[in-house]
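The sequence and structure are shown first, and the description follows.

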Amino acid sequence: MIRRLLDRLYDAGFVLAALALVAIAVLVLVQVTGRVIDKAMLAIGQEPVGIAITSLSEFGGFLFVGAVFMALAGTLRAAGHVRVTMLTQSVSSDLRRALAGLVLLVALGLGAFALYSTGVQAWDSWTFNAVSFGMAKFPLWIPQGVMVLGLVIFWIAVLDETFVVLRGGDPAFLRAEAEKQGKTDGH
C-alpha cells in the first residue's frame, strides 16, 4: 500500500513537470502566433493586433524550474540523473549496494540542507511579499514553493531508496540501470 502511494507521488511529480513544460510550449506558441499575426497585419497595411505575453521569459523560467524540481524524484528512480558508474559497474553487487547506500545517506543530508534553505527562502518571500523583477510582478513564494514541494518529494524518494538498501534490496535506480544495460537509449 505504501509502495503504491509513493509510486503515485513520484508519478504525480512527473505529471506536474510535464504540465509545466506543456504550459511553456503553449505560452511560446501564443507569443509566436501573435508576432506572426502582427507581421501579417502590417504587411497588408493594417494596425497590429498586439498579442503579447508580458514577462514571457520570466514565466517560462518559473515554469521550467518547477518542471525540473517536480521531476527530481521520478528521475532518480528511473536512473535519469547523471551518475558516474564506472566504479560501481566493476564491483560485486553487495559492494555496489553498499556504495549506493553511502551515496543515498549523503544525498539525504544534502537534500535536507537544500530543502531547508529553499524553504527559508520561500518563507522569507512570503513574509516580505517579495515579487519578481519583471514587468509582471509575480509573488516569488509561488515558484519557490514549487521548488520546496519538488525537493520534499525528492527527499522522500531518497529516503525511500535508503530504506530499500538498508533492508538488503537494490534501489530503483540500480534496477533501472541494470535494465538499460545493452540497450541503446541515447545515453
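## Helices α1 and α2

In this predicted model, helix α1 (residues 2-43) and helix α2 (residues 56-70) have axes that come within 7 Å of each other and cross at roughly 160°. Angles over 145 degrees count as roughly antiparallel, and α1 and α2 are therefore roughly antiparallel to each other. The crossing in which α1 passes α2 is left-handed.

On the α1 side, the contact is made by G13, F14, L16, A17, A20, L21, A23, I24, L27, V28 and Q31, while α2 contributes L56, G60, L63, F64, A67 and M70. Sorted by class, the residues of this contact of α1 with α2 comprise 14 nonpolar, 3 polar and no charged.

When residues up to four places away in sequence are not counted, I51 touches V30, G34, I37 and D38. The C-alpha atom of I51 is separated by 51 Å from that of L105, a residue 54 places apart from I51 along the chain.

S55 is also found in the loop between α1 and α2, and with a relative accessible area of 14% S55 is buried. Its side chain reaches the backbone nitrogen of M135 at 3.2 Å. Once neighbours within four places in sequence are left aside, the residues in contact with S55 are G134, M135 and A136.

## Helices α2 and α6

Helix α2 also packs with α6, at an angle of about 10° and with the two axes 8 Å apart. Since angles under 35 degrees count as roughly parallel, this angle makes α2 roughly parallel to α6.

The contact is made by F62, V65, G66, F69 and M70 of α2, together with P143, V146, M147, L149, G150, L151 and I153 of α6. By class, the contact of α2 with α6 has 10 nonpolar and 2 polar residues, and no charged residues.

## Helices α5 and α6

The axes of α5 and α6 are 8 Å apart, and these helices pack at an angle of about 160°; they are therefore roughly antiparallel to each other. The passage of α5 across α6 is a left-handed crossing. The contact of α5 with α6 divides by class into 18 nonpolar, 9 polar and 2 charged residues.

With a relative accessible area of 9%, T118 is buried, and, leaving aside its neighbours within four places in sequence, T118 is in contact with Q144, M147, V148 and L151. Two of these residues, M147 and L151, are also listed among the α6 residues in the contact with α2.

## Helix α7

Which residues of helix α7 (residues 172-180) are buried? The buried residues are A172, F173, L174, A176 and E177. These buried residues of α7 pack against α3 (72-77), α5 (93-127) and α6 (141-166).

How values were computed: Residues are numbered from 1 along each chain as its sequence is written. This is a predicted model: local features need pLDDT of at least 70, side-chain atom pairs count only at pLDDT 80 or more; totals for chains, interfaces and linings use all residues. Side-chain values use heavy atoms; hydrogens and water are left out. Axes are lines fitted to C-alpha atoms, for helices over the stretch in contact, and angles run from 0 to 180 degrees between N-to-C directions. Helices (H or I, at least four residues) and strands (E, at least two) are DSSP runs, numbered from the N terminus. Angles under 35 degrees count as roughly parallel, over 145 as roughly antiparallel, 65 to 115 as roughly perpendicular and the rest as oblique. A crossing is left-handed if the near helix is turned anticlockwise from the far one by less than a right angle, and right-handed if clockwise. Contact means heavy atoms within 4.5 Å. Ala, Val, Leu, Ile, Met, Phe, Trp, Tyr, Cys and Pro count as nonpolar, Asp, Glu, Lys and Arg as charged, and the others, Gly among them, as polar. Buried means under 20% relative accessible area, exposed over 50%, partly exposed in between (1.4 Å probe, protein chains only). A polar contact is a pair of N or O atoms within 3.5 Å; within protein, one must be able to donate a hydrogen and the other to accept it, and residues adjacent in sequence count only if both atoms are side-chain atoms.
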